[in-house]
Amino acid sequence: MLTIRRQGDRKPMPEPVDDSLPAGVASVLAVLPSSAVVLDREDRVLRASSAARAFGLVRGDSLVPAELLAIARKVRRDGEIRESEIEMAGRKFGQESTTFAVRVAPLGSHGQVLVLAEDQTEHRRVEAVRRDFVANVSHELKTPVGALSLLAETIQDAADDPEAVTRFAGRMQHEAARLTYLVQDLITLSRIQGAEPVPAPAPVPIDEAVHEAIDRCNTKASAKDITLVAGGTEGLKIWGDDELLVTALRNLIDNAVAYSPEHTRVVVSARPAGSAVEVSVSDQGIGIPENAQERIFERFFRVDAARSRATGGTGLGLAIVKHVAAVHGGDVTVWSKEGSGSTFTLRLPAFGGQAVVVPRTTTPMEAAK
C-alpha cells in the first residue's frame, strides 16, 4: 500500500552546528598572556592555549575544574560575563596550590564560551611577603621608639638622681643607635630589593672594598678583641657598585663579629673563580643550626632573636647581602657548623668577564724607598 505524506508532515532537518571560531578570535587567543579556553555548546574544548594545558586546566577536549565548568554553563544560559577565583593543586614541586583569577564570557551566537584564567600565585605570594614586611617593620620600629619614650619619662622622674640620669641616658643612646641602624637598613633594602641591575656599574677593586668594610667594623671588633684580617688574592676587580659591595661586606663582617666569642679572628678573603670573583667572610663563632640555614637570608629572620636584639641587630643585614648579590648578577652562599663557625661567600661577576689579577701600580713614594 502506498502511503502519501503531505509536505507539512515532513520532519524538520536539524540545523548544522557551527563549531568554528568567529573571525579573528584564534589570532587574538594566540597572543593572550592568560590561559585561554573556548568551549562549544556541548562543553567540549574547541581551542586551548598551551598555558591552559600546562596548568592542567584542560585535559584532552575537557575542561578539568568542575567549578570553572559550572561558571561556563551559567554564562551560556544567561549571557552574562562572570569573574571569579579558583584554586587547583600545584603543578610545581613543593607548591601546594595554584590560584587563578578567571573571567568567563559568551563568544559568538552558537553557544560558545570563552574562559580566561590568570595565574595569581606569585602575585599572592608577593602580597603576603609585603604584608609580613609591613607588620615586621611596624613591630621592629615600635620596640626602640617605645623604649625611648619610656626612658625619657624615667629620666624626667629621676631628675634629682644624676647617676640614674646618666644610666638611662646611656640606654637612650643605645636605643637611638638601634633605631638609626634599622632606618638605614630599611632605606638600603628598599633601594636594592627590586633586583634591578646596577644603574651605573663601574670597575670595583676588591682590595679597596674589603679594607673599607673592615675600617667601618673595626670599632665593634676592637670592643670584643676580635682581629679582622684581609687575605686571599690581591688585585681582583668586579663590575658593579663599590658602595653596595662595601655595604654587603660590612653586614657580613658585623654579623661575624656579633656572633663570635672574644679574642677570635674574622678573615675576609678574595679569590678568582673563572668568570667570577669570590669574597668570603669566615668566623670562629657559634655557627648556624642546619635547619635555619635556608632562612637566614629572609628579612627579619633571626636564629637567636634575644641575642640579635642585645647586639643591636636589625634582622635585615643578610637580606641586604642577598639583594646586593642579586643586583650584581651574583649570589651568596653559606657554610656553617654549630660550634665551629661560619663562612659566607659572595660570588660576583668579574670585571672584563674573567677574574684576572690586576697588577698593582707602584706609587712614587714607594718607588723612592
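Modeller: Gladly! Let us begin with Asp-225, which is partly exposed at 45% relative accessibility.

Colleague: Why is Asp-225 called partly exposed?

Modeller: Buried means under 20% relative accessible area, exposed means over 50%, and partly exposed is in between, using a 1.4 Å probe and protein chains only. Asp-225 has 45% relative accessibility, so it counts as partly exposed. This residue is found in the loop between H6 and strand S9 (227-232). Helices (H or I, at least four residues) and strands (E, at least two) are DSSP runs, numbered from the N terminus.

Colleague: What kind of model is this, and how are residues numbered?

Modeller: It is a predicted model, where local features need pLDDT of at least 70 and side-chain atom pairs count only at pLDDT 80 or more, while totals for chains, interfaces and linings use all residues. Residues are numbered from 1 along each chain as its sequence is written, and side-chain values use heavy atoms, with hydrogens and water left out.

Colleague: What makes the phi of Asp-225 worth a remark?

Modeller: Its phi is near 55°, a positive value in a residue other than glycine. His-263 is also not a glycine and has a positive phi of about 65°. His-263 lies in the loop between H7 and S11.

Colleague: Is His-263 buried or exposed, and how do you know?

Modeller: Its relative accessible area is 60%, so His-263 is exposed.

Colleague: Why is the pair Asp-40 and Arg-44 called a salt bridge?

Modeller: The term asks for a side-chain nitrogen of Lys or Arg within 4 Å of a carboxyl oxygen of Asp or Glu. Here the N to O distance is 3.1 Å, so the side chains of Asp-40 and Arg-44 qualify. Asp-40 is buried, with a relative accessible area of 1%, whereas Arg-44 is partly exposed at 39%.

Colleague: How many salt bridges does the structure hold?

Modeller: There are 13. Among them is the one between Arg-103 and Glu-83, whose closest N and O atoms are 2.0 Å apart. Arg-103 lies in strand S6 (residues 97-107) and Glu-83 in strand S5 (residues 82-89), so this pair ties together parts that are 20 residues apart in sequence. Asp-43, Arg-73 and Arg-76 are linked in a network of salt bridges.

Colleague: How do you know that Arg-347 and Glu-278 form a salt bridge?

Modeller: Their closest N and O atoms are 2.7 Å apart. The pair links distant parts of the chain, with Arg-347 in strand S14 (residues 341-349) and Glu-278 in strand S12 (residues 276-282), 69 residues apart. Glu-278 is buried at 13% relative accessibility, while Arg-347 is partly exposed at 32%.

Colleague: What makes a group of residues a nonpolar core?

Modeller: It is a set of buried Ala, Val, Leu, Ile, Met, Phe, Trp, Tyr and Cys residues joined through side-chain atoms within 4.5 Å. The largest such core has 51 residues, and Ile-206, Leu-228, Leu-245, Leu-249, Ile-253, Val-279 and Leu-346 touch the most other members. Helix H7 (242-258) is one of the elements that give two or more residues to this core, and its nine residues are the largest share. A second, separate core of 21 residues includes Val-37, Val-58, Leu-63 and Val-102.

Colleague: Which residues does Val-279 touch?

Modeller: Contact means heavy atoms within 4.5 Å. Not counting residues up to four places away in sequence, Val-279 touches residues including Ile-206, Val-210, Leu-249, Phe-344 and Leu-346.
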